[in-house]
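Q: I am new to this structure and would like to learn how to read it. Could we go through it feature by feature?

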Amino acid sequence: MLALVGKQKKRPIAAAILAIAAVFAICYGIITDSLALSAVIALAPVIGVILVISFEERKYALMVLIFLSFFIPVASHYIYNAPLGVVMDAMIVFNLFVILSNMLTKNIVLNNVSYDVLFMISLWFLYCFLQLLNPKMITTDAWMSSIRSMAIYFFLIFLITQLAINSFQDLKHIMVLVSILVIISALKAMYQMYVGFTPGDRYFLNVLDGRRTHIIFYGTRYFSIFSDAANFGGCMGMTLAVYLILGFHTKRWGPKIYWWIVAGLSCYGMFVSGTRSALVVPVASILLYLALIKDWKKMIPLSLLLGTVISLLAFTTIGESYTSIRRARTIFHREEDQSYLIRKQNQETLKTYMKELPFGNSLGMSAGRGKEYGDVSPIAGIPTDSWFVQLWVETGVVGISIYFLVLFYMFVKGGIIVFFRLKDPEIKGYAAALLSGIAGLFVMSSNNEVFSQLPNGVLVYVFFGMLFLCPHFDKETEAGKLDDGQQK
């Protein structure tokens, strides 16, 4: 192994072999309830190799960050009461250290950073930081627990991605890694469905009270390696759209079929999660994609596929005997959905209290989170039920307006890049897939708190970072074509 580490050309091969071994070891640990032991055994040599090769290839440190974002939620079901969030913090610091060391020893292209987007994100970060002055704040612990995923990760992971990705090939490697993690997630859901729950899963259901929302009257909502079924369903809906689109923009049949297999597994995971709002993600994503792409050959089959699925769910009873399909179909009959009506009632109640809180109830002080930190106000007893409502309650109308302004700027700029600036069909397809996937998850966040949870939040910030690098990759590709033409 040391020989491999010592030879620069073979370092990526060594890392890939050890990473694959680690994935299988951790999967085995999840199934057999020996996660901690298998993870330590598998990851010890991997971490050692990555510590070495990350200083040569920055993307590997970012890939470890993405990998950990998927497995930290399930690790909490096996390694009880451990501060696993610190692992994410440490990995972000390690990424920053790698980038800083590269700045001192290598030529990092700082011009590729989207400083305008970074400035917009910093406005949101600054507002969240100033929540320290909110008179409703009870303890800084609540503020710190909320600002990490809400603003700090947003700013730092976006910046890390922009500095760690050097080429379009690096972007492809990231998408391959995510596809492997999606496959693992789908296989874990299959295991839960056809074999049963592991002791770690049962700990989540019985001790952490997951049974109340996952084992319900119409059946079981499977959550795979995620924190809950909604988080799982949202991620699967996003990756369904992303990899379906990538398949349309891949010329070679081998990769094309692989992307569509990943999309199919994502579709399976989305349905078995039992999360109705997850269905909105691929629908919204594909609608945006159809608006962005100027290619009738792709628009016609995708429009037919989308129209067929919606029609079957909205106007027929086909598949009604399957719980997942029956559950998904209720999204078209929301007036009969009691949970939806209760959510609307909760939001109406919150309006009466939020009129007096333009800057919010302070970070971390919404729903059950506020109760944990000693909030005895009526707001602490009202479920937020969605990412948008959580933002509204914690940061007020001022905060959510700033947040929407930041996201609106990023979506508009991303749309302009895809629609007008990109010329290479493959790069254009990847950019459209990334933007559409994020948009779909954003729409779902009006009904679920999934936009910033692990691993969704990390994927969103990484996807945004890669999206805004695509114009640079496009210029390099065009320049390469011109050079080839001149040489000929």
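Q: What should I know about the model and its numbering?
A: This is a predicted model, in which local features need pLDDT of at least 70 and side-chain atom pairs count only at pLDDT 80 or more, while totals for chains, interfaces and linings use all residues. Residues are numbered from 1 along each chain as its sequence is written, and side-chain values use heavy atoms, with hydrogens and water left out.

Q: In which helix does K413 lie, and what is K413 in contact with beyond its neighbours within four places in sequence?
A: Helices are DSSP runs (H or I, at least four residues), numbered from the N terminus. K413 lies in helix α18. Take V117: its C-alpha is 8.9 Å from that of K413 in space, although 296 residues separate the two in sequence.

Q: How many salt bridges does the whole structure have?
A: Side chains of opposite charge can pair when their charged atoms come close. The definition asks for a side-chain nitrogen of Lys or Arg within 4 Å of a carboxyl oxygen of Asp or Glu. By that rule the whole structure has seven salt bridges. One of them joins D116 and K413, with the closest N and O atoms 2.9 Å apart.

Q: Where else can I look for a salt bridge?
A: K172 and E426 form another one, at 3.0 Å from N to O. K172 belongs to helix α8 (residues 168-194) and E426 to helix α19 (residues 425-444), so this pair ties together parts 254 residues apart in sequence. E426 is partly exposed, with a relative accessible area of 25%. Then there is K188 with D201, whose closest N and O atoms are 3.1 Å apart. K188 is in helix α8 and D201 in helix α9 (residues 199-207), 13 residues apart.

Q: Are K188 and D201 buried or exposed?
A: K188 is buried at 5% relative accessible area, and D201 is buried at 0%.

Q: How many disulfides are there?
A: A disulfide is a pair of cysteine sulfur atoms within 2.5 Å, and the search of the whole structure finds zero. As for individual cysteines, C128 is buried at 0% relative accessibility, whereas C267 is partly exposed at 26%.

Q: How do I read the span of a helix?
A: The expected span is 1.5 Å times one less than the number of residues. Helix α20 (residues 456-467) has twelve residues and reaches 16 Å from its first C-alpha to its last, close to the 16 Å expected. Twelve of its twelve residues are buried, including N456, Y461 and F464.

Q: Which residues have the most contacts inside the largest nonpolar core?
A: In soluble globular proteins, nonpolar side chains tend to be buried together. A nonpolar core is a set of buried Ala, Val, Leu, Ile, Met, Phe, Trp, Tyr and Cys residues joined through side-chain atoms within 4.5 Å. The largest one here has 135 residues, and I66, W124, M175 and F464 have the most contacts inside it. Leaving aside neighbours within four places in sequence, the contacts of M175 include W259, Y430, F463 and M466.

Definitions and conventions
Buried < 20%, exposed > 50% of the residue type's maximum accessible area, 1.4 Å probe, protein only. Helix = DSSP H or I, 4+ residues; strand = E, 2+ residues; numbered from the N terminus. Contact = heavy atoms within 4.5 Å.
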